[in-house]
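Keep the structure in view while reading.

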Amino acid sequence: MAGKGVITPQKDRSDLIVRLQEAQQRYGYVPEEVIRALADSLNIPVHEVYGVASFYSFLSTRPLGRNVIRVCKSLPCYLKSAEMIMEAVQKELGIGLGETTPDGRFTFQLTNCIGLCDHAPAMLINQDTHVDLTPEKIKQILKSYQ
Ligand code: FES
């Protein structure tokens, strides 16, 4: 039994991640009610469930846009001017990091390496990969997502 100050057993933690992923798929994010219900049913403190839900980049505790942009922020991409890509995305969409456009079309996030370092800088939009990015390419790429 997990309580305050008690480390949650590994089994409970993997159950928690699976159930958080299910909620993410079902609602597009992990609502607060789900966090509380999971804490209750798995007997894990709410702050721990929230901590897990906000730690993993594939989970979100806030509603996301229809398309989630994840620009790689790891070193190989950074060295290939990923910062210019981030600026281009922000300029094109008029939103900052972690924000969603008012029309709900895009959410802008960063990610760690997505394994496309040979073609840095790289990003994901939903499950689609985009590589060898330039600020000029960003405009065209974003246009193709509704
Ligand atoms: S560092 Fe960006 S894809 Fe690997």
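## Domains

The domain assignment divides the protein chain into domain 1 (10-55) and domain 2 (67-143). The model is a predicted one. Between the C-alpha centres of domain 1 and domain 2 the distance is 28 Å.

An open sheet is formed by 4 strands, which are arranged in the order 2-1-3-4 with mixed pairing. Strand 2 (106-111) and strand 4 (128-130) are the edge strands, and each of them pairs on one side only. From one strand to the next, the twist averages 20°.

Strand 1 (residues 67-72) pairs with strand 2 in the parallel sense, over 6 bridges. Opposite asparagine 67 stands phenylalanine 106, in strand 2. Helix 5 (residues 82-93) packs on this sheet and touches strand 1, strand 2 and strand 3 (123-125). The direction of helix 5 makes about 155° with that of strand 1.

## Helix 2

Helix 2 covers residues 32-42, and its residues Val34, Ile35 and Leu38 are buried. Why do the buried residues of helix 2 line one face of the helix? Seen down the axis of helix 2, they fall within an arc of 100°, so they line one face. As a general rule, an α-helix has 3.6 residues a turn, so residues three or four places apart point the same way.

Glu33 and Asp40 are exposed, and they are carried on the face of helix 2 turned away from its buried side. After helix 2 comes asparagine 43, with a positive phi near 55°.

Key: Residues numbered from 1 in each chain as written. Predicted model: local features only at pLDDT ≥ 70, side-chain atom pairs only at ≥ 80, totals over all residues. Buried ≥ 20, exposed ≤ 12 C-beta atoms within 10 Å, placed from the backbone. Helix = DSSP H or I, 4+ residues; strand = E, 2+ residues; numbered from the N terminus. Arc of directions from axis to C-beta. Domains from an automatic or database assignment. Pairing = 2+ DSSP bridges. Axes fitted to C-alpha atoms, helices over the stretch in contact; angles between N-to-C directions. Contact = placed C-beta atoms within 7 Å.
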